[in-house]
Amino acid sequence: MRMVDLIEKKRDGEPLSKQEIHFIIEGYVQGDIPDYQMSSWAMAVYFQGMSIEETAELTSTMAKSGEQLDLSTLGGRFVDKHSTGGVGDKTTLLLGPMVAACGVPVAKMSGRGLGHTGGTIDKLSSIPGFRVELSQEEFLEQVKKIGIAVIAQTGNLVPADKKLYALRDVTGTVSSIPLIASSVMSKKIAAGAQGIVLDVKYGSGAFMKTIEDARRLATTMVDIGKALGRQTIAVLSNMNEPLGRAVGNSLEILEVADALQGKGPDDLIKVCLELGAWMLVAGDSVPDVDTGKKCLLQSLESGAAWDKFLNFIAAQGGDDQAVVDRRLQVAPWSLPILAADSGYVQSIDAHKIGILAMTLGAGRVTKDSPIDLGTGVLLVKKTGEWIEAGEPLLQLYGRDKESLAEGLLLAQDLIPIGSETPEQLPLIEEVIQ
């Protein structure tokens, strides 16, 4: 085979065989296929797409390009959850202890964030002493002992995806559905999941801006899962507004602590109950979603999920008492943004709040950008809530006076207030399985 022939074949809209896909991925990982040819192939895929059979084969080949985690030695059925990302998305941190408390073990590899705020690993890093890197033996032993472990993705997991994603990022091919879907699903397959629950977000704060694009991505990933023998369920959730009230790493850990003690925001709890219930169904722990939601609510009401969260932190070297006492690093500079008028909050643009949080220091512009774990934004009021003139709408937390001043400029007139109660959009749009 020659790579140029395969580029031309995909350019002309013809399907690639299993052998041809293997040739491309293996050749690229080994350095036999140069970046300029792989870029050309990715652009051909961007314009011509791939069939489900091609995309499933691409996913499988990428998953096998590095080490694969074998969870079978632990017994039981393991379910992984993935979110396509959004502003204030801390669902893994709340879901993990709830699901583990209901008897389904959670063995999860997560990533750092690029963009508005940190990823799950950044948020956990705001807990003093927390170890985000464990050996495979430590990782598996912790899951066996307490039912939950969350670590940073290892460098040897799906190296094909790391190389291809970096290339897509600089060649304008990130938004290809087959390439996004294979990127996500290859990591889930390599991490040993037998069941996969996907939180596919849509809206201003999501990667997929429209419900139609989110549905296409969700359907593709579910079809890949089926083709590779993994039960896969996708939940489409609204990310036009930040999830919860906290946007920022330490701030989100504190919000998760509140939620696990029965004081969490309604939207965050609702999304976690939906995702968690499907995880319990996929884990063969409950017969249906309603039963799953009851179990998850019971884990919150009884304190079992909160205890599981603290055990999880301590097991990975974190200072659980610092979370209990709310002694996490929070930026020393803060500023309230006050409402100019009385009325109902009409909307809160998730993308703009994300940019505001990143400006304050909570996110990364590039993968090497520094991140300040104590910065971010608290939404004092959310859409549909009444506010009096002069009351705080937002609370900004900045790393210095300069970033806070820049944040103040961005925050002015960011949230519209009106006399009419705004229409509330559904938080969960649909479930695809």
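The chain exposes about 17,500 Å². Carbon and sulfur atoms supply 50% of that area. I keep in mind that this is a predicted model.

**Entry: the whole chain**

I went on to the overall build. The secondary structure comes to 17 helices and 13 strands. The radius of gyration is 22 Å, close to the 22 Å that the globule rule gives for 433 residues, so the chain is as compact as a globular protein of that length. Along the principal axes, the C-alpha atoms fill a box of roughly 70 × 45 × 35 Å. I found 56% of the 433 residues buried. Residues 24 or more positions apart account for 77% of them.

**Entry: cysteines**

I searched the whole structure for disulfides and got one. Cys102 and Cys295 form it, with their sulfur atoms 2.4 Å apart. The link is left-handed, at -130 degrees about the S-S bond. Cys102 sits in the loop between helix H5 (91-101) and strand S2 (106-110), and Cys295 in helix H13 (residues 289-301), so the pair ties together parts 193 residues apart in sequence. Cys102 is buried, at 10% relative accessible area. Cys295 is partly exposed, at 25%.

I noted Cys272 as buried, at 0% relative accessibility.

**Entry: nonpolar cores**

Nonpolar side chains tend to be buried together in soluble globular proteins. I looked for such groups here. The largest nonpolar core has 79 residues. Leu94, Leu260, Phe312, Val377, Leu394 and Leu396 have the most contacts inside it. Helix H12 (residues 266-282) gives the most to this core, with 12 residues. I picked out Leu396 and listed its neighbours beyond four places in sequence. Among them are Trp333, Ile337, Leu356, Val377 and Leu408. A second, separate core has 57 residues, including Met3, Ile21, Met185 and Tyr202.

**Entry: helix H8**

Which residues of helix H8 (residues 159-169) are buried? I found Ala160, Asp161, Leu164, Leu167 and Arg168. Seen down the axis of H8, they fall within an arc of 135 degrees, so they line one face of the helix. I then checked what covers them. The cover includes helix H2 (18-29), helix H3 (35-48), helix H4 (52-63) and helix H9 (177-190).

Note on methods:
Residues numbered from 1 in each chain as written. Predicted model: local features only at pLDDT ≥ 70, side-chain atom pairs only at ≥ 80, totals over all residues. Heavy atoms only, no water. Disulfide = S-S within 2.5 Å. Helix = DSSP H or I, 4+ residues; strand = E, 2+ residues; numbered from the N terminus. Buried < 20%, exposed > 50% of the residue type's maximum accessible area, 1.4 Å probe, protein only. Core = buried A, V, L, I, M, F, W, Y, C linked by side-chain atoms within 4.5 Å. Contact = heavy atoms within 4.5 Å. Arc of directions from axis to C-beta. Rg over C-alpha atoms; globule rule 2.2 N^0.38 Å. Areas by Shrake-Rupley, 256 points an atom, 1.4 Å probe, with all protein chains shown as cover.
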